[in-house]
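Please keep the sequence and the structure open while reading.

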Amino acid sequence: MDRSLYEGVWLKLSTDDFDYRVVLSVNSSDPPRDALRGDIMCPPSGQWEPEDCVGKICIVDVGQRTGSHEIADISRVVFETTVQIIEAEGVMAVFILPDKVDLYSPSLADLNVDFNSIGGDRLEQAGLQLEDFCFGVMQNSHGAHLAEHLKMLVDGRIEEAIQEALERGDHNQLPAEVKDWREMREDYTGRKFYFNPARPDRPRFAEPIIEPRTMAELVEIREDAFVQRLQALLGFNPKAIIVAQQSWRPDPDFVDLSEHISIEGLTVPVAMVGYEAGVELRRLCEVHQSAAVIVSIAQGNGPFFWGNGSQGQLGLENLENHDVLLRRENEITGETFKFAMDPRYLAHLHEMQVNSIACGAGHSLASTEDGEVFSWGNTVAVGGLLPAAKQHLGQPEKIDQLEGLVAGKRVFAGANNSFVLGDMPYQSILGPVDQ
């Protein structure tokens, strides 16, 4: 069974089982109760014409419009581009955040410029309200998966167009919406534009877009119905139940079934797997009608963390579907203190086979059986390539600089230092120690 949607706002595609989480802006309208629907518009180049947005759910990669990781700069892109999409009569706007930027809810309060200077005055003159439009952001990992899926759909349409053109004996082997456009340049400026003989008075300056032809809908889930669905399925007394997560990061946790299901009387094993494993299981079931599954318990090391997490050292931030950290604000300093009262499973390292953990003053490290090393917490000590403005890393990130250099076997931490004991990929020039 699929893991039903958690509480929150989700973007669903008609051509994909993946659930894309969306965090709406503070200044956005609420999704309609019967879902918000429309075709997807996601230009690979990041450029479009107003006519491309009409009636579409527009996907915008923020990284194509700014190289900054500052919230003020990202929010400026969000609000400035949202105004343009409203003016172009788009249905909704979803912005893909840059890599290593935490999911947040954009607000006009984030801006370091006057909203009127980036289009707010145009909305007012046109009698339009920002608060009547639905827009939000999506984390980079979800955005990358969405872009990959849309590219697959576009590539499929190109292949279909080529096949149809070959059958007709037509030399133009492009989909209908782009086949008549020709790239040209202005005589005096050399500026590139696109010309269509069927509409000579309306050239394009953005590259014509091949439509992925997929319908999307934005839904808001107000109640998580997973346990109730599981309880109903258990009533059929199956041999076992495999629950497949529907989002890229699995965020597995121990599901509390005690309120609805008697654990002592549970005779059916229930296992939860990540999105990729779920996709592979479904594929095998489609290919092999009588596919069999063996469920076994693997002996592994499950890392649990609790205590002070104000610098991200617990690694429990940015969980996709729920927040396990408690927060208290210091009324005098305004600082926010984050902590976990009870041991919490470090879901980011699920299935990583952790074999070593070390903790510093404000950061943590872990190594795995495969030789990978992860770090998180205060950026003074975690290493890795991070945005300069980022003061802490709230979830484990692999230290890519060690890739191909050493296989980490054990990690150690000082107050603000990190150490790795690793297997070198080559022998010492001095030879074995006993010689």
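Is glutamate 220 buried, partly exposed or exposed? Glutamate 220 counts as partly exposed, at 31% relative accessibility, where buried means under 20% relative accessible area, exposed over 50% and partly exposed in between, with a 1.4 Å probe and protein chains only. This is a predicted model, in which local features need pLDDT of at least 70 and side-chain atom pairs count only at pLDDT 80 or more, while totals for chains, interfaces and linings use all residues. Residues are numbered from 1 along each chain as its sequence is written, and side-chain values use heavy atoms, with hydrogens and water left out.

**Salt bridges**

- Across the whole structure a search finds 21 salt bridges, each defined as a side-chain nitrogen of Lys or Arg within 4 Å of a carboxyl oxygen of Asp or Glu.
- Glutamate 220 pairs with arginine 222, their closest N and O atoms being 3.2 Å apart, and arginine 222 is partly exposed, with a relative accessible area of 46%.
- Lysine 398 forms a salt bridge with glutamate 372, with 3.4 Å between the closest N and O atoms.
- Because lysine 398 lies in strand β18 (residues 392–398) and glutamate 372 in the loop between β16 (363–368) and β17 (373–378), this pair ties together parts that are 26 residues apart in sequence; helices (H or I, at least four residues) and strands (E, at least two) are DSSP runs, numbered from the N terminus.
- Aspartate 17 and arginine 282 form a salt bridge whose closest N and O atoms are 3.8 Å apart.
- That pair links distant parts of the chain, 265 residues apart, with aspartate 17 in the loop between β1 (8–13) and β2 (19–24) and arginine 282 in helix α6 (residues 275–287).
- Both partners are partly exposed, aspartate 17 with a relative accessible area of 42% and arginine 282 at 23% relative accessibility.
- A network of salt bridges links Glu51, Asp52, Arg199, Arg202 and Arg204.

**Positive phi angles**

- Most residues other than glycine have a negative phi.
- Arginine 213, although not a glycine, has a positive phi of about 60°; arginine 213 is found in the loop between β8 (192–195) and β9 (215–221) and counts as exposed at 53% relative accessibility.
- Asparagine 237 also has a positive phi, near 55°, and lies in the loop between α5 (226–234) and β10 (241–244), where asparagine 237 counts as exposed at 54% relative accessibility.
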